[in-house]
Amino acid sequence: MSAAVAVVDWGTSSFRVWLLDAAGNVLAERRSGEGMLTASKVPGGFSAVLEASLDAMQAEKKLPAIICGMAGARTGWIEAPYVDVPAALSDVLGGAIKVPSIARDVRIVPGMAQRQQGSPDVMRGEETQLAGAAAELGEGRHQVCMPGTHSKWVNVVDGQVAGFSTFMTGELYSVLSKNTTLAASFDAEQRASAESPVFEDAFLAELGAGGDFGAKLFGLRAGKLLFDLQPQDAANRLSGLLIGAEVASARAGLGSGDTVALVASGALRELYAAALRLAGLVVNEIDADEAVLKGLYAAARRNGLVG
């Protein structure tokens, strides 16, 4: 079967492109570290990165492409202006802008903005994942957790994004474990485990404390000096503290037994699923990779790139 469209998830540090047929089936896939930070510096920029990948996949020169993520940022390929919340996800997908002055028909999906003085916020890429998860969410009100470097908690009502919050959980973990006095307690190869009692204890302690984790952080360094805290336990403890602080803040308005839709993949999916269940919440797990593919395919259809 021949490709009908190329779809791209272009992150800050990652680049993923798929060739889809007219029914949305994956025909080919490529992944690399040529995210926005890299693509903006190579000769030819974003266009060169995209064309090199499509050439390697033997895609036709006339094949259209649609992109979500940081390629549409102000410092990306071309800015795709934010759509303000509240907004319907289908309308956001339909507002993709065309990249000018290139031969290929390339569109970029806009991000979303929350323009409130007390809680300004933005997202790029997550709106496409949300649109792809819409079928599993269904009608009604949903609280959606999307873990990552910058975790998003999104309030979706009948296919509209009503509001959202961003938590720098992943970035804080990276900075604290690599670039602070705590770094001596960590090993770059160690990752937190959802099955660790150390992770569970740290998460529950922070959940009960309501997000006040600052006083507990230095304990990681002291634990190394006084009790030979091992790198694996340091990773589990720091993850538990940070995710506990995030969930303690984000679950406002939720009660025990309420459902949270978790849009995630890989190790983060396991960690957050375990954490949310420890918090007494029911977890509806949705694969993030599948969601972004479905969202990009829906965006291609919405913009007339696929019949």
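A nonpolar core is a set of buried Ala, Val, Leu, Ile, Met, Phe, Trp, Tyr and Cys residues joined through side-chain atoms within 4.5 Å. Buried means under 20% relative accessible area, exposed is over 50%, and partly exposed is in between, using a 1.4 Å probe and protein chains only.

Okay, with that in hand, hello everyone. What you see above is a predicted model, where local features need pLDDT of at least 70, side-chain atom pairs count only at pLDDT 80 or more, and totals for chains, interfaces and linings use all residues. Residues are numbered from 1 along each chain as its sequence is written, and side-chain values use heavy atoms, with hydrogens and water left out.

Let's start with the cores. The largest nonpolar core has 38 residues, and I66, L130, V144 and V154 have the most contacts inside it. Which helix gives the largest share of this core? That's α10, residues 288-302, with eight residues. Helices here are DSSP runs of H or I with at least four residues, strands are runs of E with at least two, and both are numbered from the N terminus. There's also a second, separate core of 24 residues, with L19, A39, L50 and L54 among them. As a general point, nonpolar side chains in soluble globular proteins tend to be buried together.

Now look at I66. Contact means heavy atoms within 4.5 Å. Skipping its neighbours within four places in sequence, I66 has contacts that include V7, R107, L296 and L305. R107 sits in strand β8, residues 106-108. Buried or exposed? R107 is buried, with a relative accessible area of 16%. Besides I66, R107 touches residues including A96, K98 and N303, again not counting those up to four places away in sequence.

Next up, helix α4, residues 126-137. Nine of its 12 residues are buried, so α4 is largely enclosed by the rest of the structure. Among them are E126, L130 and L137.

How does α4 meet α10? Their axes come within 6 Å and cross at roughly 100 degrees. That makes α4 roughly perpendicular to α10. The axes are lines fitted to C-alpha atoms, for helices over the stretch in contact, and angles run from 0 to 180 degrees between N-to-C directions. Under 35 degrees counts as roughly parallel, over 145 as roughly antiparallel, 65 to 115 as roughly perpendicular, and the rest as oblique. On the α4 side, the residues touching include T128, A131 and E136, while those of α10 include A288, K294 and L296.

V263 ties in here too. It lies in strand β14, residues 259-264, and V263 is buried at a relative accessible area of 1%. Leaving aside neighbours within four places in sequence, V263 is in contact with residues including Q129, A133, V144 and A291. The C-alpha atoms of V263 and E126 are 9.5 Å apart, although 137 residues separate them along the chain.

For another helix pair, take α6 (residues 197-209) and α9 (residues 266-278), which pack at about 50 degrees with axes 10 Å apart. That makes α6 oblique to α9. The contact is made by F199, E200, F203 and L204 of α6 with L271, A275 and L278 of α9.

Last stop: D84, in strand β5, residues 83-84. D84 is partly exposed, at 36% relative accessible area. Not counting residues up to four places away in sequence, D84 touches A113 and R115.
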